[in-house]
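User: I have a model open here and would like to talk through a few spots in it. Could you take a look with me?
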Amino acid sequence: MSDEGYPRTFDPNFKGPVAKRSCTDVLCCIIFILFIIAYILLGLVAWVHGDPRRVAYPTDSKGHFCGQKGTPNENKTILFYFNLFSCTSPSVVVNLQCPTTQICVSKCPEKFLTYMEIQFMYRTNKHYWMYYSQFCKSPFVKPAKTVTQVLLDDDCPIAIFPSKPFLQRCFPDFTTKNGTLTVGNKTIFEDGSGKKRNAIELRRAANRVNKILDARAIGMKVFEDYATTWYWILIGLTIAMLLSWLFVILLRFTAGFLFWVFMVGVIGIIGYGIWHCYQEHSNLQGRPNSHLTIYDIGFQTDISMYFQLKQTWFAFMIILCLLEVFIILMLIFLRERIRISIALLKEGSKAIGYLPTTLIYPVLTFIFLSICIAYWAVTAIYLATSGVPIYKVISPERTCKHENTTCNPEIFNTTEIARVCPGAQCNFAFYGGKSLYHQYVPTFQMFNLFVFLWLINFIIALGQCALAGAFASYYWALKKPDDIPQYPVFTAFGRAIRYHTGSLAFGSLILALIQMFKLVLEYLDHRLKEAQNNISKFLQCCLKCCFWCLEKMVKFFNRNAYVMIAIYGKNFCRSARDAFNLLMRNVLKVAVMDKVTDFVLILGKILVAGCIGVLAFLLFTHRLPVMIEGPTSLNYYWVPLLTVIIGSYLVAHGFFSVYAMCIDTIFICFCEDLERNDGSREKPYFIAPTLHGTLNKMQLVPLKQKE
């Protein structure tokens with residue numbers, strides 16, 4: 001590769017990572033520290049104002065929690081709707097609230113009763129009123145008020161129906177008999193106001209509320225699955241960690257053999273996936289509705305419905321077949337370059353063998369990331385639940401001119417609004433406020449997300465820089481392991497924190513800004529989806545594609561810049577420029593060595609995730625009854641399955657990322673080594689003789705250096 005246009009800027013007498021350093025990108029370091037301080041203060045303020053119980057408990061019409069300990073509602077854990085038929089009002093969609101009184105009860109109704117029936121039954125048996133009165137706002141000695149007065153004062157429901165608790169809310173107990181929908185074995189019943197109602201009308205009203213609660217329903221089912229399978233998930237992730245560790249150790253001694261194990265294993269796992277998809281596709285042949293397409297059934301919150309379609313399994317089978325063919329073709333056309341990758345893997349294994357503490361570093365990164373994720377999630381919940389109860393006027397027919405205005409439930413019945421708008425309710429709407437803090441809660445949420453992204457990228461950058469410093473000290477040691485400094489990982493980590501926090505924060509800031517802009521685009525696309533035309537959708541897709549490519553490119557250059565920072569101790573911009581120039585001078589070697597090695601490591605991650613995924617699939621679908629009894633009664637077996645697969649891949653990524661960072665560092669040091677030295681006694685190569693011999697055979701070393 002010609003050197004024109006890419007000036008060499010290195011020190012010809014360089015023999016290893018620079019020991020004497022100075023702080024780099026100080027201004028960015030100061031800004032980063034100020035943002036962290038502001039982030040901590042934001043968390044404290046949110047903790048003072050927020051109340052996460054508002055997420056855990058349903059809230060009645062007065063803003064009181066159902067089932068909260070230490071309150072009168074402690075034993076009343078379920079929310080009861082006075083008149084569920086009013087939930088068919090269009091205001092349900094607008095206000096996300098049903099325009100009827102809601103109270104906390106200890107259990108749901110179990111029978112049909114109307115207020116008029118109770119007035120007659122009370123004369124013969126007072127027990128009926130004791131049962132009915134538990135669904136009133138306050139206890140009454142007897143049902144003395146007329147139906148009209150009860151409606152005006154809103155003291156009691158005018159009718160109750162057999163119900164069951166769902167998501168801590170009372171919903172009618174629907175059943176189907178001979179294809180007819182019933183409630184408590186009835187299809188027609190009194191609604192308490194003299195009208196005859198049927199079960200279909202009641203279900204339509206309940207569905208309006210259910211649409212609001214759909215996401216939470218899925219979340220609760222997913223939570224139940226996690227509660228049932230959490231220990232199996234932990235076992236799977238532990239096995240993935242041990243398997244990854246085993247592969248890393250074996251790569252030290254049998255890199256070539258293990259590579260082919262990776263190849264055969266990945267091809268075999270994908271082949272099993274193809275066979276399983278074919279079996280499922282064949283089993284669905286002739287079943288009712290299996291011929292429908294995803295377009296026919298539309299969007300469904302019950303994901304399992306998609307797995308009952310032949311089209312779904314056919315699509316999975318095609319995707320896996322294409323992936324299988326792609327991997328086989330890559331193996332055929334890259335068979336010569338894979339030899340170089342195996343040589344690099346052996347050299348990386350040797351480096352990790354001399355620096356075993358590098359395998360522990362992913363655990364430290366995982367702890368840091370877990371702390372950041374937990375802090376962000378807790379802060380977001382506290383911000384979302386900040387404020388005081390806000391009550392708004394809601395009318396069933398939306399004919400009131402005061403609709404959606406704020407009100408006070410304590411005095412609402414005595415105000416002009418109650419007289420002007422008969423039937424209007426002053427119900428709890430949400431938590432908020434008019435203070436300066438409450439007005440800026442959405443801005444604080446954006447700040448919370450942005451600093452979270454910045455911290456996540458900084459932690460990853462810190463790990464890359466620390467590992468690069470440790471592996472660079474290994475490479476530039478002429479006599480290995482004698483010349484390797486003591487505690488190289490700890491020393492490199494200390495250098496990165498002490499001198500290069502600003503540079504790492506600078507690179508992380510660039511990446512965080514790009515990711516934040518991507519999230520804003522996604523949000524706008526979601527909010528404006530129905531208002532978009534074809535041109536705007538096309539532009540939106542182009543922007544997403546551009547920012548995806550930009551993010552990948554920035555990650556690549558940041559990674560190499562951190563290696564240069566670890567070696568030379570220069571600021572971020574200069575390190576990024578030097579890394580870019582070095583890679584451009586050696587672009588052929590980049591294409592031949594670095595990327596093929598990444599491909600090999602990715603196959604290793606797929607193998608670990610695939611092995612654990614197959615075992616988890618057999619366990620969660622009860623296909624291993626002879627060997628081990630798996631969890632029963634799962635709502636969605638794919639929830640723990642995907643968690644295990646993704647978690648196993650991330651665990652493997654944590655271990656193999658050490659390998660990737662090792663090989664990237666060795667590769668950059670190798671390029672520097674070839675440019676500085678010629679193999680003579682005065683300028684010997686630092687590269688291992690075995691790797692140098694392999695590169696000679698592959699003609700990746702300049703001729704003047706092979707003489």
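User: Is Arg 559 buried or exposed?

Analyst: Arg 559 is buried, with a relative accessible area of 18%, where buried means under 20%, exposed over 50% and partly exposed in between, using a 1.4 Å probe and protein chains only. Please keep in mind that this is a predicted model, in which local features need pLDDT of at least 70 and side-chain atom pairs count only at pLDDT 80 or more, while totals for chains, interfaces and linings use all residues. Residues are numbered from 1 along each chain as its sequence is written, and side-chain values use heavy atoms, with hydrogens and water left out.

User: Where is Arg 559 found, and what does Arg 559 touch?

Analyst: Arg 559 is found in helix 17, residues 534-568; helices here are DSSP runs of H or I with at least four residues, strands are runs of E with at least two, and both are numbered from the N terminus. Leaving aside residues up to four places away in sequence, Arg 559 touches Gln 464, Ser 657, Ala 660, Met 661 and Asp 664, contact meaning heavy atoms within 4.5 Å.

User: And Ser 648, which helix is that in?

Analyst: Ser 648 lies in helix 20, which covers residues 638-676, and Ser 648 is buried, with a relative accessible area of 0%. Not counting residues up to four places away in sequence, Ser 648 touches Gly 236, Leu 237, Ala 240, Val 608, Ala 609 and Ile 612.

User: Stepping back, how many helices and strands does the protein have?

Analyst: The protein has 22 helices and twelve strands, and of its 707 residues 47% count as buried. Among contacts between residues at least 6 apart in sequence, 74% join residues at least 24 apart.

User: Back to helices: at what angle do helix 1 and helix 15 cross?

Analyst: The axes of helix 1 (residues 26-49) and helix 15 (residues 441-475) come within 11 Å and cross at roughly 130°; axes are lines fitted to C-alpha atoms, for helices over the stretch in contact, and angles run from 0 to 180 degrees between N-to-C directions. That makes helix 1 oblique to helix 15, since angles under 35 degrees count as roughly parallel, over 145 as roughly antiparallel, 65 to 115 as roughly perpendicular and the rest as oblique.

User: Which residues meet there?

Analyst: On the helix 1 side they include Phe 32, Phe 35, Tyr 39 and Leu 42, and on the helix 15 side they include Phe 447, Asn 448, Trp 454 and Phe 458. Of these, Phe 32, Tyr 39 and Leu 42 are among the buried residues of helix 1.

User: What comes before helix 1, where Asp 25 lies?

Analyst: Asp 25 lies in the segment before helix 1 and has a positive phi of about 50° although it is not a glycine. Most residues other than glycine have a negative phi. Tyr 487, in the loop between helix 15 and helix 16 (488-527), also has a positive phi, near 50°, and at 62% relative accessibility Tyr 487 counts as exposed.
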